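Reader: I am new to this structure and would like to know what stands behind the words used for it. Please take me through them.

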Amino acid sequence: VVNENEKYALYNHIGPLIMNNSLINHTLLAVITELNRNALPYCLLKGQGIGAYYNEPQIRVGGDIDLYVGKYQQRAIESLLPLTNQKKCEINGKHANLCIYGIEVELHKYVDSMISHKHNEIFWKWSEKELVDNAKSVIVNKKEVRMPKPTFNAFCIFYHLFRHFLISGVGLRQLCDWARLLYCEKDNIDR
């Protein structure tokens, strides 16, 4: 049995999560609308797409928005800059960072990088095929959003989690996201 003080503390914790996810989803849909308007392919990585696997996605702790845009990164930046207060965009080797409606949006040219150049070439070709040609749709706020198919998604989330483990540590959310994907897509992941 939960007492009134515990209920109040829970509501104080859940309320901001719901509001943050609502803002992230609103931003995601605005970004996707703009990319679609400019005929730019994209694929949602991690985060809000994985939230679709949760029973209550609105209370999953949200973060930024990661979108794979591949070789169309520069065109995607140009189409999205009007949604920001930025004059230009910071680009690192893997992605470009934009701040849209207060939410960080990362436009990925590459999903990730491997240990060697040879492995990068193989992984990047596989990524392009999976994320552009073979993406699936999930529903976020009653709108279709493209995301990786389950096998590729499980690999990428695990690899991202593993890199965090080696470099900076793993968060509970990362473990829960991976476990939730594996559980919900157990019949669709190529073993």
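What follows is a set of questions and answers about the terms applied to this structure.

Author: One caution to begin with: this is a predicted model.

Reader: How many helices and strands does the protein have, and in what pattern do they follow each other?

Author: There are 6 helices and 7 strands. Along the sequence they run α-β-α-β-α-β-β-β-α-β-β-α-α.

Reader: What makes the radius of gyration agree with that of a compact globule?

Author: The globule rule is 2.2 Å times the number of residues to the power 0.38. For 191 residues a compact globule would come out near 16 Å, and the protein has 17 Å, so the two agree. The C-alpha trace spans about 55 × 45 × 30 Å along its principal axes. Buried residues account for 41% of the 191 residues.

Reader: Why are β1 and β3 said to stand at the edges of the sheet?

Author: The open sheet has 5 strands in the order β1-β2-β5-β4-β3, with mixed pairing. β1 (43-45) and β3 each have a single partner strand, so one side of each has no neighbour in the sheet.

Reader: How do you know that β1 and β2 pair?

Author: Two strands count as paired if there are at least two bridges between them. β1 and β2 (residues 65-68) have 3 bridges in the antiparallel sense, so by that cut-off they are a pair. Within this pairing, L44 has L67 in β2 as its bridge partner.

Reader: What makes β6 and β7 a pair?

Author: The cut-off of at least two bridges applies again. Strand β6 (residues 136-140) and strand β7 (residues 143-147) are joined antiparallel over 5 bridges. V140 stands opposite K143 in β7. The hairpin of these strands has 2 residues between them, and N141 there takes a positive phi near 50 degrees.

Reader: Why is K142 called exposed?

Author: Exposed means over 50% relative accessible area. K142 has 83%, so K142 counts as exposed. K142 lies in the loop between β6 and β7, and its phi, near 65 degrees, is a positive value in a residue other than glycine.

Reader: What is phi of A39, and why does A39 count as exposed?

Author: Phi of A39 is near 55 degrees, again positive in a residue that is not glycine. A39 is in the loop between α1 and β1. Its relative accessibility is 62%, and the cut-off for exposed is over 50%, so A39 is exposed.

Reader: How do you know that the buried residues of α3 are on the same side of the helix?

Author: In helix α3 (residues 73-80), the buried residues are Q73, A76, I77, S79 and L80. They cover an arc of only 165 degrees around the axis, so they sit on the same side of α3. Their cover includes α1 (4-37), β3 (90-91), β4 (95-100) and β5 (103-108).

Reader: Why are R60 and D177 called buried?

Author: Buried means under 20% relative accessible area. R60 has 6%, so R60 counts as buried. D177 has 7%, so D177 counts as buried too. R60 is in the loop between α2 (47-51) and β2, while D177 is in helix α6 (residues 172-184).

Reader: What makes the link between D177 and R60 a polar contact?

Author: The distance cut-off for a pair of N or O atoms is 3.5 Å. The side chains of D177 and R60 are joined at 2.6 Å, so the pair is within that limit. Leaving aside neighbours within four places in sequence, D177 is in contact with I50, Y54 and R60. On the same terms, the contacts of R60 include N21, G47, R173 and D177.

Reader: Is I157 buried or exposed, and how do you know?

Author: I157, in helix α5 (residues 150-167), has 7% relative accessibility and therefore counts as buried. Beyond its neighbours within four places in sequence, I157 is in contact with I50, W178 and L181. I157 and A179 are 22 residues apart in sequence and 10.0 Å apart in space, C-alpha to C-alpha.

Terms used:
Residues are numbered from 1 along each chain as its sequence is written. This is a predicted model: local features need pLDDT of at least 70, side-chain atom pairs count only at pLDDT 80 or more; totals for chains, interfaces and linings use all residues. Side-chain values use heavy atoms; hydrogens and water are left out. Helices (H or I, at least four residues) and strands (E, at least two) are DSSP runs, numbered from the N terminus. Buried means under 20% relative accessible area, exposed over 50%, partly exposed in between (1.4 Å probe, protein chains only). Contact means heavy atoms within 4.5 Å. The arc is that of the directions from the helix axis to the C-beta atoms. A polar contact is a pair of N or O atoms within 3.5 Å; within protein, one must be able to donate a hydrogen and the other to accept it, and residues adjacent in sequence count only if both atoms are side-chain atoms.
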